[in-house]
Amino acid sequence: MDLTKLVEHRKTKNNEMRIYIQKSYDLYNSFFQTSYTYNDTEALEELGIESELLHQLLEDFTIQIIESNVTLHKQIALLKKDQLHKEELDFTPFRDMIHKNLGVARNLRIKDFTEVLTELMVETNLQGIEELLEVLEACALNLKPVQAYEALELIKKLT
């Protein structure tokens, strides 16, 4: 590939990323109906860690949420099958993963994640859960857009 083609390819990818992130922001704003920006001051003071470490933890958590969402969507697909066959729905594996992520969100003092994950802990409507998972992904893109988008792209390539 020559340089011109590489530049054009990168421009296309950047545009795709901008469009995806904008849709995510729209969903985020629609769900929360208020403006929220993560403020690391509370977490830095309460956890007693350096800013660099906190931001690394935030990046890791963002990627963890994106990866978890893939697994959670698979679990919802299994629950839909059970529902279709009129079997009792077992939310335990789903809730275990949500609980783990909720603990991290609370530790890092990330209010939007905490709100969505708390709702996911009690939601039993599968369609409602899927919608909340989309909002959760939007939270990840809102917190660390580049890391979240790159994690999504990598997952797409691997599947």
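View 1. Helix 6 is mostly covered, since 14 of its 18 residues are buried, where buried means under 20% relative accessible area, exposed means over 50% and partly exposed lies in between, with a 1.4 Å probe and protein chains only. The helices here (H or I, at least four residues) and strands (E, at least two) are DSSP runs, numbered from the N terminus. This is a predicted model, in which local features need pLDDT of at least 70 and side-chain atom pairs count only at pLDDT 80 or more, while totals for chains, interfaces and linings use all residues. Residues are numbered from 1 along each chain as its sequence is written, and side-chain values use heavy atoms, with hydrogens and water left out. Helix 6 covers residues 126-143, and at 1.5 Å a residue it should span 26 Å, which agrees with the 26 Å between its end C-alpha atoms; the expected span is 1.5 Å times one less than the number of residues.

**View 2. The chain as a whole.** The chain has seven helices and zero strands, and from the N terminus on its elements run α-α-α-α-α-α-α. Along its principal axes, the C-alpha trace spans about 55 × 45 × 30 Å. Of the 159 residues of the chain, 36% count as buried. The chain exposes about 9,800 Å², of which carbon and sulfur atoms supply 54%; accessible areas come from the Shrake-Rupley method with a 1.4 Å probe, and for residues only the protein chains shown count as cover. Among contacts (heavy atoms within 4.5 Å) with a separation of 6 or more, 70% come from residues 24 or more positions apart.

**View 3. Salt bridges around Glu 153.** A search of the whole structure finds seven salt bridges, each defined as a side-chain nitrogen of Lys or Arg within 4 Å of a carboxyl oxygen of Asp or Glu. In one of them, Glu 153 pairs with Lys 13, the closest N and O atoms being 3.0 Å apart. Because Glu 153 lies in helix 7 (residues 145-158) and Lys 13 in helix 1, this pair ties together parts that are 140 residues apart in sequence. Glu 153 also forms a salt bridge with Lys 156, at 3.3 Å between the closest N and O atoms, and these two residues, three apart in helix 7, are separated by about one helical turn. Glu 153 counts as buried at 14% relative accessibility, whereas Lys 156 counts as exposed at 52%. Lys 13, Glu 16, Glu 153 and Lys 156 are linked in a network of salt bridges.

View 4. Lys 111 forms a salt bridge with Glu 42, and their closest N and O atoms are 3.2 Å apart. Lys 111 lies in helix 5 (residues 111-122) and Glu 42 in helix 2 (residues 41-47), so the pair ties together parts that are 69 residues apart in sequence. Glu 42 counts as partly exposed, at 33% relative accessibility.

View 5. Asn 69 has its place in helix 3 (residues 51-84) and counts as buried at 2% relative accessibility. Not counting residues up to four places away in sequence, Asn 69 touches Leu 133, Leu 136 and Glu 137. Leu 102, in helix 4 (residues 92-107), counts as buried at 4% relative accessibility. Leu 102 and Thr 118 are 16 residues apart in sequence, and their C-alpha atoms are 7.1 Å apart in space.

**View 6. Loop residues with positive phi.** Lys 86 lies in the loop between helix 3 and helix 4, and its phi is near 60°, a positive value in a residue other than glycine. Lys 86 is exposed, with a relative accessible area of 75%. Arg 109, in the loop between helix 4 and helix 5, likewise has a phi near 60°.
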